[in-house]
Amino acid sequence: MKNGELVIDVEGITKRFGTHTVVNNIAMQVRRGEIYGFLGPNGSGKTTFLRMLCGLLRADSGSGRCLGYDIRHESDAIKREVGYMTQKFSYYEDLNLQENLDFIARIYGVPKRKEVVRASLEKLGLYARRKQLAGELSGGWKQRLALAASLIHSPQLLLLDEPTAGVDPKARRDFWDEIHQLAADGLTVLITTHYMDEAERCHRLAYIAYGNLLAKGTVDEVVRSAALSTWAVSGPDLHELAASLRELDGVEQVVPFGNTLHVNGRDAEQLRKAIQPFQREPYRWRQAESGLEDVFISLMDTAEDNFK
Amino acid sequence: MTFHAFSFSRFWAVVAKEFIQMRRDRMTFGMMIGIPLLQLTLFGFAINSDPKHLPTAIITADHSTFSRTIVSAMRHSQYFEFIGEAASEADADTMLDEGDVQFVVNIPEDFSRKLLRGERPNLLVQADATDPAATGPAVAALKQLVSTSLERDLKGPVAQLRDAAGPVNLILHNRYNEEGITQYNIVPGLMGVVLTMTMVIITALAITRERERGTMENLLATPTRPTEVMIGKIIPYIVVGYLQTLLILVAARLLFHVPMLGSIPLLLLLMLVFIAANLAVGITFSTIARNQLQAMQMSFFFFLPSILLSGFMFPFRGMPVWAQHVGSILPLTHFLRLVRGILLKGNGLHETLPHVWPICIFVLIVMTIGIKRYRQTLD
């Protein structure tokens, strides 16, 4: 497969648990070598979607291909070429690092297993700790082990479900550098996250809420398509100002950022009119760029209105 | 109030929280009520150390008043229940070997003639004494009732036969365990108990643990098939089960000098069916239990009746009929007969088969439930 080819190309993917639709009619295209961010509130169906992609769950309807295989009928072939890192650490805490990697390598039937495991330990800087039990590792090291294990069989596609939850900033940055390096080498990465800085490090994004895909594209495209108008205001007693602003029609979110408030709404004209009475001393107003977080929270609120 | 003092409100907060959690975990709560009820039922109603109505076969060529008197006296004692007549001694042996009867009463041809002549004829009673506790009370009653029962018939001219030695020479033959050594019965049975414990509890825990810790999801995302996971997880415990068996066999031989009349390879082979039964239970429990504590409790719920109703601790035939029916469902009941039959009676494949197929049926039923549940938990 060449760079730019579609690694994931699915449409109409739907999954119901009982009467509850968890994933509703989702289409997604991910190109080879791309880091694709998958965002959305908790319980929005992200994990379920990942599980359907890697063949853990069968979609109720929808079709498409993952790595060139039919996602509904060729899940065995897909599983061989996909690395999946679950949200919760899911390796054996009572095995040491080497034993864990060795086990996973055996499951995938990796050729020259011993060398591959050794190389993997060295590459991730875990070789010196290879005899340590996985259960004794700190969060950051557990995450490194999980990444190493999900890469042991040289997959074509890496599915990461909130991989950096509870990991310190340095480890998080190292992790992302590693992901970018892997993507540059041709690995496709689909990653779910709640961190905006991480979302901005993805090549492209999709936003899902209550099972529905609400936005997709690059960071800029997503922000632009939301057409959110944002103002920043600073001054004294911001708390009281925020309370009054929240009452206004046209104001969707009022978010404190240190000594400023970010005020935004989807209708730029209505928002401008609404805040006009407050554009006086001692407040200083300026127009600001909408951030990804503003966009997502706005999307989520809209979605809540529509799907309640 | 100082910070270090015992705070009633803090203490009460913990108590209240415990009760809330207890109520949430329905299964644990059910077990807390269920296990005492189960124990009450089993110990209160099912267990009886004075077994009566023991199946007895009779061989007789002497159809006299005297033999009828003896038989009816035995029946009236309630210890013996005559289930039929054995055609020959070989036939009687088979019935004892297969465990169909506990006693065989043999009244020889010239019994009444010799009795009237005062020659003290033999009355031969063979007992299946693999479990001495099962036959003990019945044998004690038998000795008494033979002489007293004939007193009524021996009147007038033959009254002088009621002498001190008694009119009849009762020959009691304790088969399979002549000295009535309890260990001969308990130690082979222990094999079944230990296997039940290991196989059910360990498999239930091992699989539940994999799900509880999330490692099962990881495994299923790999190309591994669920059957590979299951079989792979089970085999090590089968090996452990066999090691336990060997340990007990060696101890039985060297420490307790338990006789081993039958074929050990046959025993080890048939044991596989029993192991399969327990594994099936363990796997099924693991598909129902949400955590290891629940798996443990369910295993205990299975283990308790297995120990008490199988004939391991208390004579099977001493239990009321309903308890015997329940006991007959349990694989341990049949395995105990199987292992005791092979070791103590020297049973071969033919005599053992009646104890094998009930276990097979158990495996089939439990396995079906287990597989159904397992499929459900996957999706």
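Select strands β1 (residues 54–60) and β3 (residues 103–107) of chain B, which run parallel and are joined by five bridges; here strands (E, at least two residues) and helices (H or I, at least four residues) are DSSP runs numbered from the N terminus, and two strands pair if DSSP finds at least two bridges between them. This is a predicted model, in which local features need pLDDT of at least 70 and side-chain atom pairs count only at pLDDT 80 or more, while totals for chains, interfaces and linings use all residues. Residues are numbered from 1 along each chain as its sequence is written, and chains are lettered from A, with ligands numbered from 1, in the order in which they are written.

**The sheet of chain B**

Within this pair of strands, pick B:I58, whose bridge partner in β3(B) is B:V105.

Contact here means that the C-beta atoms of two residues, placed from the backbone, lie within 7 Å.

**B:T69 and its surroundings**

In helix α3 of chain B, centre the view on B:T69. With 17 C-beta neighbours inside 10 Å, B:T69 counts as partly exposed, given that a residue is buried if 20 or more other C-beta atoms lie within 10 Å of its own, exposed if 12 or fewer, and partly exposed in between. Leaving aside neighbours within four places in sequence, B:T69 is in contact with B:S149, B:L150 and B:D153. A C-alpha to C-alpha distance drawn from B:T69 to B:D153 gives 8.2 Å, although the two are 84 residues apart in sequence.

The phi of B:H53 is near 55°, a positive value in a residue other than glycine.

**The two domains of chain B**

Colour chain B by its domain assignment, which gives domain 1 (54–175) and domain 2 (182–378); the bounds come from an automatic or database assignment. The centres of these two domains, taken over C-alpha atoms, are separated by 39 Å. Ten residues of domain 1 of chain B are in contact with 13 residues of domain 2 of chain B, and on the domain 1 side α6(B) gives the most, with three residues.

Move on to helix α9 (residues 226–254) of chain B, whose 29 residues reach 43 Å from first C-alpha to last, close to the 42 Å expected at 1.5 Å a residue, the expected span being 1.5 Å times one less than the number of residues. Its buried residues are B:I234, B:G241, B:T245, B:I248 and B:A252, and what covers them includes α7 (182–212) and α10 (264–288) of chain B.

**Chain A and its contact with chain B**

Bring in chain A, which meets chain B through a contact that takes 14 residues from chain A and ten residues from chain B. On the chain A side, the largest share, three residues, comes from helix α2 (residues 75–81) of chain A.

Then select strands β1 (residues 6–17) and β2 (residues 20–31) of chain A, which pair in the antiparallel sense over eight bridges. A:R16 stands opposite A:T21 in β2(A), and in this hairpin, with two residues between the strands, A:G18 takes a positive phi near 70°. Further along, A:N25 is found in strand β2 of chain A, with a positive phi near 55° in a residue other than glycine.

As a last stop, go to A:P282, in the loop between α10 (268–275) and β14 (284–288) of chain A, where a cis peptide bond with omega of about 5° joins A:E281 and A:P282.
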